[in-house]
Amino acid sequence: MESLASQAKPAAVLWLAGFLQAARLHRVVSFCASSRPLSARIAQCFLLNGFIFLGSLLTLKSVVIPILSWILPGDCSQLQEQHLCDHTVAVATYSFLRSVLIQIFYVLWFYPLYIFSFVLSTLWYNDIAKRALDVVKRKSLDATKALDAHTISESTEKPEGFDEVAIGIGEQVYSILLLTIFFIEVSVIGYIPYFGKPMNFLLLSLMYAYYCFEYKWNFFAVSLNERLDFFESNWAFFAGFGSPCVLPIFFFSPLTSYGVMAILYPLFVLTAAGTQAEKVIDQLKPSHGGKLQRIPVFFIAKRLTTQVLQLFPEVQKEQ
């Protein structure tokens with residue numbers, strides 16, 4: 001209990017610090033003002049995911065469904081010809097037709113639009129992060145290191161040529177597989193009674209925070225081991241950073257939450273690009289006076305990823 005109490009203060013302080021860093025959306029304005037192509041990409045994300053996707057959902061729920069409910073009512077009291085109430089088949093047919101028409105609307109419009117939005121937005125997010133980090137490098141906000149003052153050995157000899165490319169590809173494969181397994185793990189945990197939802201929120205916050213900072217780490221060529229070590233050693237900070245991005249999931253339907261998160265996510269990518277995480281964490285050490293215990297967030301995902309990669313010896317050798 002004493003150990004748990006000693007961790008409460010640093011965890012709370014770092015969580016709040018991460019949350020506040022994510023909330024610094026004024027950085028988005030600064031980035032957009034520094035790069036016209038970046039501001040154009042942000043505007044495209046808003047147009048596609050906000051105006052078109054969420055606008056279509058709003059039109060369906062506030063216009064299309066009410067009109068269909070008026071034309072094909074499912075309640076006897078809504079029928080203009082009350083004698084039809086005596087025929088339950090007619091009411092059931094109206095309800096069936098209305099449901100079919102709504103499903104057709106989803107199949108022919110929303111699901112293709114969702115796939116199109118997901119693929120295009122993913123490409124845009126990469127471009128947004130690259131342009132933002134170009135601004136960061138140009139302004140010398142974080143000129144040499146992705147983890148700010150983090151102790152990354154600069155004297156270590158790094159492989160060059162084909163070996164460097166092979167290791168880079170191996171790390172990308174490992175990272176993608178690791179995060180995929182971690183996402184499945186988080187989804188399964190969400191179904192556990194009682195404490196499943198809080199754990200799901202915490203792990204989703206960590207996952208989205210990792211996604212936001214991964215662009216920066218990739219840009220500055222931080223190795224996978226270094227980023228995972230830094231992330232797990234400062235998990236409370238990243239949990240706080242990812243919390244605002246995850247909140248829509250718990251307040252909206254799946255499609256609506258996707259649209260909202262698709263708008264918010266690039267904004268948090270920009271705030272991550274402008275966040276000097278290690279500097280913030282180091283500055284907070286005197287205020288909480290403790291050392292945050294490292295939590296192996298990706299322990300299960302790492303073990304499963306290793307098991308999968310053992311099926312492919314060439315990829316495993318590159319790790």
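Reader: Why does Tyr194 count as exposed?

Author: Exposed means over 50% relative accessible area, buried under 20%, and partly exposed in between (1.4 Å probe, protein chains only). Tyr194 has 83% relative accessibility, so Tyr194 counts as exposed. Before we go on: this is a predicted model, where local features need pLDDT of at least 70 and side-chain atom pairs count only at pLDDT 80 or more, while totals for chains, interfaces and linings use all residues. Residues are numbered from 1 along each chain as its sequence is written, and side-chain values use heavy atoms, leaving out hydrogens and water.

Reader: Where is Tyr194, and what is its phi?

Author: Look in the loop between helix H5 (162-189) and H6. Tyr194 is not a glycine, yet its phi is positive, about 70 degrees. Ala221, also not a glycine, has a positive phi near 55 degrees. You'll find Ala221 in the loop between H6 and helix H7 (224-233).

Reader: What makes Ala221 count as exposed?

Author: Its relative accessibility is 53%, so by that cut-off Ala221 counts as exposed. Arg36 gets that label too, because its value is 73%. Arg36 lies in helix H3 (residues 36-71).

Reader: Why are H6 and H8 called roughly perpendicular?

Author: Start with the axes, which are lines fitted to C-alpha atoms, for helices over the stretch in contact; angles run from 0 to 180 degrees between N-to-C directions. Under 35 degrees counts as roughly parallel, over 145 as roughly antiparallel, 65 to 115 as roughly perpendicular and the rest as oblique. H6 (residues 196-219) and H8 (residues 235-246) pack at about 100 degrees, with axes 7 Å apart. The pair is therefore roughly perpendicular. By class, their contact has 16 nonpolar, three polar and no charged residues. Here Ala, Val, Leu, Ile, Met, Phe, Trp, Tyr, Cys and Pro count as nonpolar, Asp, Glu, Lys and Arg as charged, and the others, Gly among them, as polar.

Reader: What is the angle between H2 and H9, and what does that make them?

Author: H2 (residues 26-34) and H9 (residues 254-273) pack at about 85 degrees, with axes 9 Å apart. That makes H2 roughly perpendicular to H9. Arg27, Val28 and Phe31 in H2 meet Leu267, Leu270, Thr271 and Ala273 in H9; contact means heavy atoms within 4.5 Å.

Reader: What makes a nonpolar core, and which residues have the most contacts inside the largest one?

Author: A nonpolar core is a set of buried Ala, Val, Leu, Ile, Met, Phe, Trp, Tyr and Cys residues joined through side-chain atoms within 4.5 Å. The largest one has 79 residues, and Phe237, Phe238 and Phe298 have the most contacts inside it. Helix H4 (residues 88-138) gives the largest share, 12 residues.

Reader: How do you know that the buried residues of H11 line one face of the helix?

Author: In H11 (residues 299-309), Ala301, Thr305 and Leu309 are buried. Seen down the axis, the buried residues fall within an arc of 65 degrees, so they line one face. That arc is taken over the directions from the helix axis to the C-beta atoms.

Conventions
Helices (H or I, at least four residues) and strands (E, at least two) are DSSP runs, numbered from the N terminus.
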